[in-house]
Amino acid sequence: ASSEVVAAAQIPFLAKESFPLCMQSMYQRLHVDAHLKHNGRLQLGLFLKGIGLPLEEAMKFWRAEFGPKSAGEAFDKKYAYGVRYNYAKEGKRTDYTPYSCMKIIQTPVPKGEAFGCPYKTLSPHELTETLRGMRVGPRTVEEAVGKAKGHHYQLACTAVFQGQHNCICESAISHPNQYFTESRKELKA
Ligand code: SF4
């Protein structure tokens, strides 16, 4: 987990700069639909907690994103519990940690849902199109799609990280929060 505190207002910028593709996709889906299903809320919510978004800021973030469809009381009734739950303020009060790549990759993704690892869930064509829209060159796109086809999803993600930051990773990406932390380090260096 990062030691820096992140505000809700910084999320759009940080998403663009330093979120791995899984979190970027979920964030985009949430933003466009003003909704995200349970598993996505867990996956993205715990990731955001891990990057240093405190509970009050998380509440602000989710309230604003759900706002167009579920404002005020509707949000409080349906979703506020889930936000507090991620921060262990409800239920068993277990301190939930953000999911690793392995856990995300192994969780089955029902059709039409936005969670999971896009290097696994997208077709080679969809992945190519998605990566073309990111800050990476054609060689990186080709390398990442090749790795994804070979079921090496984390290596595909690592290739994209390297392409985006113009660096060589010491170790492969194995956690979305590792992607974020290392990205912030590279971009500040
Ligand atoms: Fe996310 Fe990990 Fe997949 Fe990268 S390899 S997109 S960090 S789940």
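Analyst: Here is a short walk through the domains, their interface and a few residues.

User: What kind of model is this, and how are residues numbered?
Analyst: This is a predicted model, where local features need pLDDT of at least 70 and side-chain atom pairs count only at pLDDT 80 or more, while totals for chains, interfaces and linings use all residues. Residues are numbered from 1 along each chain as its sequence is written, and side-chain values use heavy atoms, with hydrogens and water left out.

User: OK. How is the chain divided?
Analyst: There is domain 1, residues 8-86, and domain 2, residues 101-188. The bounds come from an automatic or database domain assignment. The centres of the two domains, taken over C-alpha atoms, are 21 Å apart. Domain 1 puts 22 residues into the contact and domain 2 puts in 21, where contact means heavy atoms within 4.5 Å.

User: How much area do domain 1 and domain 2 bury between them?
Analyst: About 1800 Å², with 63% of that on carbon and sulfur atoms. Buried area is the accessible area (1.4 Å probe) that two parts lose on being put together, summed over both.

User: How many polar contacts and salt bridges are there between them?
Analyst: Across the interface, 7 residue pairs are in polar contact, both residues being at pLDDT 80 or more. A polar contact is a pair of N or O atoms within 3.5 Å; within protein, one must be able to donate a hydrogen and the other to accept it, and residues adjacent in sequence count only if both atoms are side-chain atoms. The count of salt bridges between the domains is 1. A salt bridge needs a side-chain nitrogen of Lys or Arg within 4 Å of a carboxyl oxygen of Asp or Glu.

User: Which elements make up domain 1's side?
Analyst: Helix H1 (11-18), helix H2 (21-33) and helix H3 (38-51) each give two or more residues to the side that touches domain 2. H2 gives the largest share, 7 residues. Helices (H or I, at least four residues) and strands (E, at least two) are DSSP runs, numbered from the N terminus.

User: And by residue class?
Analyst: That side of domain 1 has 11 nonpolar, 7 polar and 4 charged residues. Here Ala, Val, Leu, Ile, Met, Phe, Trp, Tyr, Cys and Pro count as nonpolar, Asp, Glu, Lys and Arg as charged, and the others, Gly among them, as polar.

User: Back to salt bridges. What does Arg-184 pair with?
Analyst: Arg-184 pairs with Glu-17, and their closest N and O atoms are 3.2 Å apart.

User: How many salt bridges does the rule count, and where does that pair sit in the chain?
Analyst: The rule counts 7 salt bridges. The pair links distant parts of the chain, with Arg-184 in helix H12 (176-188) and Glu-17 in helix H1, 167 residues apart.

User: Are those two buried or exposed?
Analyst: Arg-184 counts as buried because its relative accessibility is 15%, and Glu-17 is partly exposed at 25%. Buried means under 20% relative accessible area, exposed means over 50%, and partly exposed is in between (1.4 Å probe, protein chains only).

User: Which residue does Arg-29 bridge to?
Analyst: Arg-29 forms a salt bridge with Asp-33, at 3.7 Å between the closest N and O atoms. Both lie in helix H2, 4 residues apart, about one turn of the helix. Arg-29 is partly exposed at 31%, and Asp-33 is partly exposed at 26%.

User: Now His-165. Where is it and what does it touch?
Analyst: His-165 is in helix H11 (153-165). Its relative accessible area is 9%, so His-165 is buried. A polar contact of 2.7 Å joins its side chain to that of Ser-183. Leaving aside neighbours within four places in sequence, His-165 is in contact with residues including Glu-17 and Arg-135.

User: Why does Tyr-79 count as buried?
Analyst: Tyr-79 counts as buried because its relative accessibility is 9%. Tyr-79 is found in the loop between helix H5 (72-78) and helix H6 (80-86). Beyond its neighbours within four places in sequence, Tyr-79 is in contact with His-35, Arg-41, Phe-66, Ser-70 and Ala-74.

User: Last one: where is Gly-91?
Analyst: Gly-91 lies in the loop between H6 and helix H7 (101-106). Gly-91 is partly exposed, with a relative accessible area of 46%. Apart from neighbours within four places in sequence, Gly-91 is in contact with Tyr-81 and Tyr-85.
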